[in-house]
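The report that follows describes selected local features of a structure. Please consult the sequence and the model while reading.

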Amino acid sequence: MLLCQSANADIFWVFREPDGSTNWQYIANFSSSILILTLTFAAVRLYFSRRKTHRYNRELEEIRTQLELRVAERTATLNESNQLLKESNQALEVEVAEHRKTTQQLQQSEAYINSILQSMPLMLVGLNQQNQITQWNHRAEIISGVSSDAAKGGDLWKIYPAITITPEQVKQAQEENKTITVKYSQRGQYHFDITIYPLRKERETGVVILLDDVTQRAKNENMLIQRDKMSAMGEMASVMAHDISIPLKAIIKDIRTVRQSMAGGSIDAEALNELLEDAIVRGQQANSVISNLLNFSASGGGEKTLSSIASIVDQSLELASDVLSVTADLRFGHIKVNTSYAEDLPDIPCYVTEMQQVLLSLFRHSCYALGNVDDLNYVPEINIQVSLCYDNLWIRVQHNGKSISLEDQKTLFEPFSHGGDSKAVLNAGMHLSFSHFIIAEQHQGQIAVTSNADEGTTFHIQLPAD
């Protein structure tokens, strides 16, 4: 309290003079000094604060610049991502559209294929590896009487026991991975072609079976064979009348001579024996012509038999010599025929009568071409060669007659083919379309022709030897 009171009593006692007066100059100077120090301290503090503020401002600017850069980068990245997303969406839309289009095309293709399978006139059956039915078309439903829904997933031989193939045949096609063809005939009245072929790179379906009812086609083929025979026989008949009449006239003449000798009472035993021998020879000639015609006209078809091609060629040549005469000036018997048969030719399964028809048609065609050569020094010639090459038997019939143009060669084996420059030659070969049918369809072989003015014409026949 004393201090407070003392302080309150005289706060300027420090600045008082000994005489008690106040030295205001000291007070002013002291106050100014304090104020200056305070202001200096405040200025220094403001200075450092300003520097610190400037540093903070620079750092903030740097941060803002970095943030702006980052924002710009993020914005650019986001724009790029948005563009990529937009492009991806567009590509996805295109892909989806293409996928829809592809799906639609697949559905249309599937419907088209299914329509084909259902409309096929053949019985089609698909089997998997366990011989379970995976395909059963409409024709199969009609033949078997079993619906597709009831058949699918079932065992083939339980669903349709009457089918004429065996599990062993199906297994063989799967193991050997090759097509198997089975020809089935029921009492000669019904004929079926059955094809079993494996599907490659397919897990669900192992094989496909096609069953074709070829009964009508077989009947038509037999009718064509008979018609071709009748056509050939019609040509033969015109020649046979002459061929048979010559020996018959000679026999009648010999008999009349014998009768006249007997009536006159002058019988020469030696002359009579010569007349009888001549009559026997003439009768044998007539009998040979008739026998060949009867053998040729015998019913063909049936089963294939193992036969010698060389023997068939010889028999066909003998038949052609007896009955072929396509021009008034040239008969087949007047043509020089050369044959060449390779050694150890195997017998092959074939239809003998049909092969004779083919060869006779080729000889007829050759004879006509040979008869169309106008040359006094010309010698008509036919060369026949039979050889074995690997697993095939080759028959070549070559002649030096009128050649066939390239254009006519293309249509020679087509039905009712008529050429241009070699029209007459092709008309003589009107049966070559049927010859092609016999070789290609009945014997699974091939027939072709090559022809030019220098080397003549050659018919090439290739037949499987087994």
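K178 is partly exposed, with a relative accessible area of 43%; the class covers values between the limits for buried (under 20%) and exposed (over 50%), computed with a 1.4 Å probe and protein chains only. The model is predicted: local features require pLDDT of at least 70 and side-chain atom pairs pLDDT 80 or more, while totals for chains, interfaces and linings use all residues. Residues are numbered from 1 along each chain as its sequence is written, and side-chain values use heavy atoms, with hydrogens and water left out.

K178 forms a salt bridge with E176, their closest N and O atoms lying 3.3 Å apart; a salt bridge here is a side-chain nitrogen of Lys or Arg within 4 Å of a carboxyl oxygen of Asp or Glu. A second salt bridge joins K171 to E175, with 3.8 Å between the closest N and O atoms. These two residues are 4 apart in helix 6 (residues 167-176), and about one helical turn therefore separates them; helices are DSSP runs of H or I with at least four residues, strands are runs of E with at least two, and both are numbered from the N terminus. K171 is partly exposed at 48%, whereas E175 is exposed at 59%.

## Salt bridges of helix 2

The search of the whole structure finds 4 salt bridges. One of them pairs E61 with R64, where the closest N and O atoms are 2.6 Å apart. Both residues belong to helix 2, and their spacing of 3 residues corresponds to about one helical turn. An α-helix has 3.6 residues a turn, so residues three or four places apart point the same way. Side chains of opposite charge can pair when their charged atoms come close.

E61 is partly exposed, with 37% relative accessibility, and R64 is partly exposed at 45%. The pair is part of a network of salt bridges that links E61, R64 and E68.

## Surface patches

R51, K52, R55 and R58 gather in a patch of positive charge on the surface. Patches consist of residues with over 30% relative accessible area and no salt bridge, like charges being joined within 9 Å and nonpolar side chains (Val, Leu, Ile, Met, Phe, Trp, Tyr) within 5 Å. Lys and Arg count as positive and Asp and Glu as negative, with His and the chain ends not counted; each charge is placed at NZ of Lys, CZ of Arg, CG of Asp or CD of Glu.

I34 is found in helix 2 and is partly exposed, with a relative accessible area of 40%.

## Aromatic pair

The structure holds 1 aromatic pair. Y47 and F48 make up this pair in an edge-to-face arrangement, at 5.5 Å centre to centre and 70° between the planes. Rings of Phe, Tyr and Trp (its six-membered ring) pair if their centres lie within 6.5 Å; planes under 30 degrees apart count as stacked, over 60 as edge-to-face and the rest as tilted. Y47 is partly exposed, at 47% relative accessible area.

## Loops and positive phi values

The loop between strand 1 (123-127) and strand 2 (133-136) contains N131, a residue other than glycine whose phi is positive, near 60°. N131 is buried, with a relative accessible area of 16%. Q130 lies in the loop between strand 1 and strand 2 and is exposed at 55%. In sequence, Q130 and D155 are 25 residues apart, and their C-alpha atoms are 8.2 Å apart in space.

D344 is another residue other than glycine with a positive phi, near 55°. It is placed in the loop between strand 7 (336-341) and strand 8 (348-350), and D344 is exposed, with a relative accessible area of 73%.

## Helix 13

Helix 13 (residues 432-442) is largely enclosed by the rest of the structure, because 8 of its 11 residues are buried. The buried residues are L432, S433, F434, S435, F437, I438, I439 and Q442. After helix 13 comes Q444, with a positive phi near 50°.

Definitions and conventions. Areas by Shrake-Rupley, 256 points an atom, 1.4 Å probe, with all protein chains shown as cover.
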